[in-house]
Amino acid sequence: MNKPLKTLDRVISKAGFGSRTEARSWIGGGRVRVNGKLIRTPDHWVDLEADRVTLDGKPVAARRKIYLLLYKPKGCITTYKDPEGRPTVYGLIPDVEEWVFPVGRLDQDTSGLLILTNDTQFAERMTNPQYKVPKTYLVKTSTRLTEEDLDQLRRGVALSDGPTRPAEVVHLRDSGDKTFFEITITEGRNRQVRRMVEALGCKVLKLVRTAIGPLQIAKLQIGKYRVLTPAELLELTRSATG
């Protein structure tokens, strides 16, 4: 039977202490020991069942799982730090002591629901396209779309990284030369909705993620977060059908 092995930086990250980048820095800085021996190599292999890992003398063990739902504002990015000094989602959760990371991401110009957690297995299930977790967006376009255009989105659009899966599209209204519609996709490609609309020769002026699986924005205010309830977590997990 194979031993359950992982690299040292991944062990620390998966335990919820910080990102792999931070873990590598701590290891290089001489703050980590394995079975009492100082290890400065992030790629050092660790036997999860037999080895004892410590950070600053404290045992590295899995922390309690935490699941947050955040309404990300436009202009906020999802990385931990930004060299350009732009605001990040971490500035919206200053009182959260556990290390959490975004499940997927929303680009700077997109607002809406974002899940943050320290549960890597849960995050993998939510972001892996094979589990088909539906995500719903409200879209405002730069020009009016025809029903034929919307039908194209429903059928799937050819992008540079391959055709998209069929999407659910609800035409909400037209206002002047703009179209408002709702789209639900089951993939998580980079800037996918924007790219789908651009494939029609149009631009997205506003994009808001309004739902992830059964989770809705509801009364959650922009820039605020809340902890998911056990019932919501169960429903969300069930929405990952595979």
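Student: How many salt bridges does the structure hold?

Tutor: This predicted model holds 17 salt bridges.

Student: Why is the contact between Arg24 and Asp43 called a salt bridge?

Tutor: The side chains of Arg24 and Asp43 approach to 3.4 Å, N to O. The cut-off is within 4 Å, so the pair qualifies. Arg24 lies in helix α2 (residues 20-28) and Asp43 in the loop between β3 (37-38) and β4 (45-47), so the contact ties together parts that are 19 residues apart in sequence.

Student: What makes Arg24 and Asp43 count as partly exposed?

Tutor: Arg24 has 36% relative accessibility and Asp43 has 43%. Buried requires under 20% and exposed over 50%, so each residue falls in between. Arg24 and Asp43 also belong to a network of salt bridges with Asp9 and Arg20.

Student: Why is Arg64 called exposed, and why is Glu98 called buried?

Tutor: Arg64 has a relative accessible area of 53%, and exposed means over 50%, so the term applies. Glu98 is at 15%, and buried means under 20%, so Glu98 counts as buried. The side chains of Arg64 and Glu98 meet in a salt bridge at 2.7 Å, N to O.

Student: How do you know that Arg194 and Asp107 form a salt bridge?

Tutor: The closest N and O atoms of Arg194 and Asp107 are 3.1 Å apart. Arg194 sits in helix α5 (residues 192-198) and Asp107 in the loop between β8 and β9 (111-117), 87 residues apart.

Definitions and conventions: Residues numbered from 1 in each chain as written. Predicted model: local features only at pLDDT ≥ 70, side-chain atom pairs only at ≥ 80, totals over all residues. Heavy atoms only, no water. Helix = DSSP H or I, 4+ residues; strand = E, 2+ residues; numbered from the N terminus. Buried < 20%, exposed > 50% of the residue type's maximum accessible area, 1.4 Å probe, protein only.
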